[in-house]
Amino acid sequence: MPDQADPDTSSTLDALRTRWTQTLKAAQATTATPTPYADNLLTRYQEPHRRYHTLTHLTAVLDHIDVLEQAEAGYAPDPALVRLAAWFHDAVYAPDRSENEERSARLAERALPEAGVSAADTAEVARLVRLTVTHAPAPDDRNGQVLCDADLAILAAPPETYATYTAAVREEYGFVPEDAFREGRAAVLRQLLALPRLFRTPYGAQVWEEAARANVAAELARLEADPEPL
């Protein structure tokens with residue numbers, strides 16, 4: 001876990017605790033003590049094996065939800081639930097496991113009722129977390145579209161930020177041999193490029209789509225052409 005005394009880390013944690021409390025309030029949760037729930041999640045996002053799925057990723061997803069909500073006012077019918085899903089979507093993360101999203105959804109199903117979130121809202125948060133397995137929300141699933149677009153927005157980052165992202169992903173999968181990683185990563189990138197749309201919200205399609213496809217295509221070209229380790 002990062003040093004809790006580091007000023008930058010401390011300010012990040014304080015800001016995230018405030019955002020968590022505001023989101024629980026917006027979701028009409030009845031808990032009088034939201035901080036323990038935030039601290040449990042924040043501890044998870046600081047696990048030492050994480051390189052990409054960290055506090056920085058959590059903050060970025062929450063920020064991108066804010067961008068989408070500001071650009072498309074009222075687009076998601078339940079923005080507080082979308083934000084809760086962002087908090088939980090990578091709460092359980094082990095790169096050598098395939099059921100992270102399911103385990104994260106189950107964590108939400110246990111924690112949110114304790115925090116006073118209604119059964120219906122808890123079920124929606126868990127559904128959204130599970131949706132991040134495929135990032136394929138239905139055409140009428142605006143909550144899902146906002147969460148999935150926010151989670152994938154890193155694909156549209158400036159090239160230098162995208163390079164940092166890909167390096168962090170490689171570090172998380174450091175236990176995978178180079179050839180196997182290249183093959184698996186290239187397959188994922190080809191699947192992304194084969195999709196008719198990476199982003200489902202109007203803002204994402206207009207602002208992020210082109211840059212994301214350029215980044216993904218460039219990474220795929222490097223994987224296919226460069227024999228040197230990443």
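This is a predicted model: local features need pLDDT of at least 70, side-chain atom pairs count only at pLDDT 80 or more; totals for chains, interfaces and linings use all residues.
## The largest pocket

The largest pocket has a volume of about 1,200 Å³. Its lining is made up of 40 residues. Five of these lie nearest the centre of the pocket: E101, H135, Y173, R185 and V188.

Several helices take part. Two or more lining residues come from each of α5 (100-114), α7 (142-152), α8 (159-172) and α9 (178-194). Helix α9 gives the largest share, with seven residues. By class, 20 residues of the lining are nonpolar. Another 10 are polar, and 10 are charged.

## The second largest pocket

The second largest pocket has a volume of about 330 Å³. A set of 20 residues lines the second largest pocket. Nearest its centre lie Y52, T56, A60, I154 and T161.

Here α3 (55-71), α7 and α8 each supply at least two lining residues. The largest share comes from α3, which gives five residues. The lining of this second pocket holds 12 nonpolar residues, six polar ones and two charged ones.

## Helix α8

Helix α8 has 14 residues. From its first C-alpha to its last, α8 reaches 20 Å. That is close to the 20 Å expected at 1.5 Å a residue.

Which residues of α8 are buried? They are Y162, Y165, T166, A168, V169, R170 and E172. What do the buried residues of α8 pack against? Their partners are α9 and α10 (202-225). Helix α9 also supplies seven residues to the lining of the largest pocket.

## Salt bridges

The model has 18 salt bridges.

Start with R17 and D14. Their side chains meet in a salt bridge, at 3.0 Å from N to O. The two residues are three apart in helix α1 (residues 7-26), so about one helical turn separates them. R17 has 23% relative accessibility and counts as partly exposed. D14 is also partly exposed, at 46%.

Next come R19 and D66. Their closest N and O atoms are 3.0 Å apart in a salt bridge. R19 lies in helix α1 and D66 in helix α3, so this pair ties together parts that are 47 residues apart in sequence. D66 is partly exposed, with a relative accessible area of 22%.

Are R50 and E47 buried or partly exposed? R50 counts as buried, at 4% relative accessibility. E47, at 24%, counts as partly exposed.

## T122 in helix α6

T122 lies in helix α6 (residues 119-131). Why does T122 count as buried? Its relative accessibility is 4%, and buried means under 20%.

Which residues does T122 touch, leaving aside those up to four places away in sequence? The contacts are A108, E109, L112, P113 and V117. One of these, A108, is 14 residues from T122 along the chain. The C-alpha atoms of T122 and A108 are separated by 7.1 Å.

## A218 in helix α10

A218 is found in helix α10. It is one of the helices that the buried residues of α8 pack against.

How far apart are the C-alpha atoms of A218 and L189? The separation is 10.0 Å. Along the chain, A218 and L189 are 29 residues apart.

Conventions: Residues are numbered from 1 along each chain as its sequence is written. Side-chain values use heavy atoms; hydrogens and water are left out. On a 1 Å grid over the protein atoms alone, a cavity is a set of points where a 1.4 Å probe fits but cannot get out, and a pocket is an open set with protein on both sides within 12 Å along at least five of seven lines; lining residues have an atom within 4 Å of a point. Grid points are joined across faces, edges and corners, and a volume is the space filled by probe spheres set on the points. Helices (H or I, at least four residues) and strands (E, at least two) are DSSP runs, numbered from the N terminus. Ala, Val, Leu, Ile, Met, Phe, Trp, Tyr, Cys and Pro count as nonpolar, Asp, Glu, Lys and Arg as charged, and the others, Gly among them, as polar. The expected span of a helix is 1.5 Å times one less than its number of residues. Buried means under 20% relative accessible area, exposed over 50%, partly exposed in between (1.4 Å probe, protein chains only). Contact means heavy atoms within 4.5 Å. A salt bridge is a side-chain nitrogen of Lys or Arg within 4 Å of a carboxyl oxygen of Asp or Glu.
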